[in-house]
Structures are given as C-alpha cells and as structure tokens.
Amino acid sequence: MGTPVSLDIADDRPMTELAALADEVFAWLREVDARFSTYRPDSEVCRFDRGELLLSEASADLRRVLERCADLWGATDGFFDAYATGGLDPSGYVKGWAVQVASDRLRAAGADNHCLNAGGDVRVRGHSSTGLPWRIGVRHPWNPSAVCLVLSGTDLAVATSGVYERGHHVRDPRRGAPARGLRSVTVVGPDLGLADAYATAAVAMGVAGIGWLDRLPGYRHAVVTDDARCLHSTDLPLSTTDPVN
C-alpha cells in the first residue's frame with residue numbers, strides 16, 4: 001500500500017531463525033497488500049467493490065475485515081466509514097490489523113521482543129536489544145525531522161493519523177468534505193487495528209474527536225490541533241528519558 005515497513009527482532013536467536021521469521025512477516029504483509037490495496041485493480045477489495053466478487057466468494061480475511069469495519073462504523077457513530085470516499089477503502093483499519101496479526105504471529109513463534117513499524121503504525125512487545133523498553137517517537141506535525149513526544153513500553157500498539165503527509169485526506173462523512181481541526185491524532189492501546197481506526201475516526205470528527213477519545217475505554221491518546229495545541233491522556237506512557245519538542 002505504498003507504506004515503508006521496518007522490523008526489529010531483539011531476541012537472541014540464530015540469524016537463520018531471525019531471517020526466517022522476518023521472511024514470514026513480509027510474506028504476510030505482501031499477501032495483505034495483494035488482497036486489500038486500493039491501488040491495485042486486481043486486488044480482492046477492488047474486485048469486490050466493482051461487484052466482480054460476491055461476498056460468499058470472498059476470502060475469510062476480507063469477510064472478517066468488512067465485518068469489523070461495519071462494527072467500527074457503529075462504534076464511532078459513522079465517523080469511521082470504509083465508504084467515506086465513495087468506494088470501498090478499509091485501509092484505515094487494514095494496515096493496523098495486518099501489523100497486529102504479524103506481531104501476534106511473531107509472539108506465537110517465540111519472538112517475544114520485537115518492534116514492527118508500518119508507516120507510523122507501530123506494535124512493540126518485550127524489550128529492545130538494549131534491554132530497555134521500546135521507545136516510539138511521534139512525529140512533529142510541522143517538522144518532519146523532530147518528534148512532539150516519545151512513548152515507552154513493553155506491550156504497546158501505537159497508531160497515528162495525520163494530515164501532514166497526504167494533506168486533508170480523511171473525510172468528514174457527515175459533511176462530505178475533508179476533516180479539519182486536528183493536525184495529528186495518536187491512539188495507544190492493546191490492538192493496533194482498533195487503534196488505527198479510532199485515530200482515523202477522531203481526525204474525521206475534528207475537535208469533537210478530543211472529547212470522544214477521552215471517553216474511549218482501554219485506549220489513550222495524544223492530539224495536536226490545527227492551532228498547535230498538544231493534548232494527551234494523563235496516563236499516556238510517555239518516556240521519562242527523552243525530550244519532548
């Protein structure tokens with residue numbers, strides 16, 4: 001889906017085993033891209049959107065994603081909408097979900113210490129090679145060479161949705177226009193697919209998304225508004241050793 005992906009496995013294992021684990025992760029992500037990319041006319045999601053594939057003929061993964069997107073539409077009062085742009089585009093859930101699945105598979109294979117980052121959607125578990133908890137920098141929404149805050153933890157799913165790279169690409173489904181008010185939204189919780197969707201929904205809500213995030217159980221957040229205010233949950237897992245710009 002045009003997203004750079006990096007993987008750091010910090011377990012002390014033979015290089016051949018680490019390489020095999022990495023190969024499995026990237027094979028899975030290539031499979032997800034082939035199935036869900038809206039940029040590939042032959043992808044399963046594009047074929048389904050054009051009516052060339054019946055739901056009964058769809059893969060289990062596509063049916064699962066469509067079901068979850070429908071649930072998220074209800075849970076966000078319609079602000080997470082896989083059809084917001086007119087056609088089917090579940091990318092706001094799929095990227096985080098795919099990384100979460102890959103991380104779950106790594107853990108099941110015994111790779112308890114890893115960091116998987118797909119274009120800002122990050123899943124970390126265990127410790128880095130330094131023996132310390134992982135640190136995740138959240139990009140400054142106006143300065144690409146700086147961070148606005150740094151998170152730290154041993155079991156975090158971190159998703160950021162913003163307008164600083166692709167412009168105002170998230171649409172407010174009620175107005176049918178690009179969403180305004182929030183420059184960047186980061187959501188932290190146990191599941192990256194949900195965190196990704198919640199971040200997208202909050203951006204679509206505009207400033208009203210701040211209050212909605214405050215009431216979201218099990219997930220924490222950091223928000224930068226269009227007028228440069230930075231707000232975050234009081235229990236956000238901020239690093240105590242890194243500066244905040």
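Where in the structure is the place of T160? T160 sits in strand 6, which covers residues 155-162; strands here are DSSP runs of E with at least two residues, helices are DSSP runs of H or I with at least four, and both are numbered from the N terminus. This is a predicted model, in which local features need pLDDT of at least 70 and side-chain atom pairs count only at pLDDT 80 or more, while totals for chains, interfaces and linings use all residues. Residues are numbered from 1 along each chain as its sequence is written, and side-chain values use heavy atoms, with hydrogens and water left out.

T160 is buried, with a relative accessible area of 18%, where buried means under 20% relative accessible area, exposed means over 50%, and partly exposed lies in between (1.4 Å probe, protein chains only). Its C-alpha atom is separated by 8.9 Å from that of R139, a residue 21 residues apart from T160 along the chain.

Helix 1 (residues 15-36) packs with helix 4 (residues 91-108) at an angle of about 155 degrees, their axes being 10 Å apart; axes are lines fitted to C-alpha atoms, for helices over the stretch in contact, and angles run from 0 to 180 degrees between N-to-C directions. Helix 1 is therefore roughly antiparallel to helix 4, since angles over 145 degrees count as roughly antiparallel, under 35 as roughly parallel, 65 to 115 as roughly perpendicular, and the rest as oblique. Helix 3 (residues 60-75) also meets helix 4, with axes that come within 10 Å and cross at roughly 120 degrees, which means that helix 3 is oblique to helix 4.

Side chains of opposite charge can pair when their charged atoms come close. A search of the whole structure finds twelve salt bridges, each being a side-chain nitrogen of Lys or Arg within 4 Å of a carboxyl oxygen of Asp or Glu. One of them joins R125 and D104, with 3.0 Å from N to O; because R125 lies in strand 3 (residues 121-125) and D104 in helix 4, the pair ties together parts that are 21 residues apart in sequence. R125 counts as buried at 8% relative accessibility, whereas D104 is partly exposed, with a relative accessible area of 36%.

Another salt bridge brings together the side chains of R40 and D33, at 2.8 Å from N to O; here R40 is partly exposed at 32% relative accessible area, and D33 is buried at 18%. In the salt bridge between R229 and D227, the closest N and O atoms are 3.3 Å apart, with R229 partly exposed at 39% and D227 exposed at 53%. Salt bridges also link E31, R35, E44, D61 and R64 in a network.

A polar atom of the R183 side chain does, however, lie 3.3 Å from the backbone oxygen of P141.

Technical notes. A polar contact is a pair of N or O atoms within 3.5 Å; within protein, one must be able to donate a hydrogen and the other to accept it, and residues adjacent in sequence count only if both atoms are side-chain atoms.
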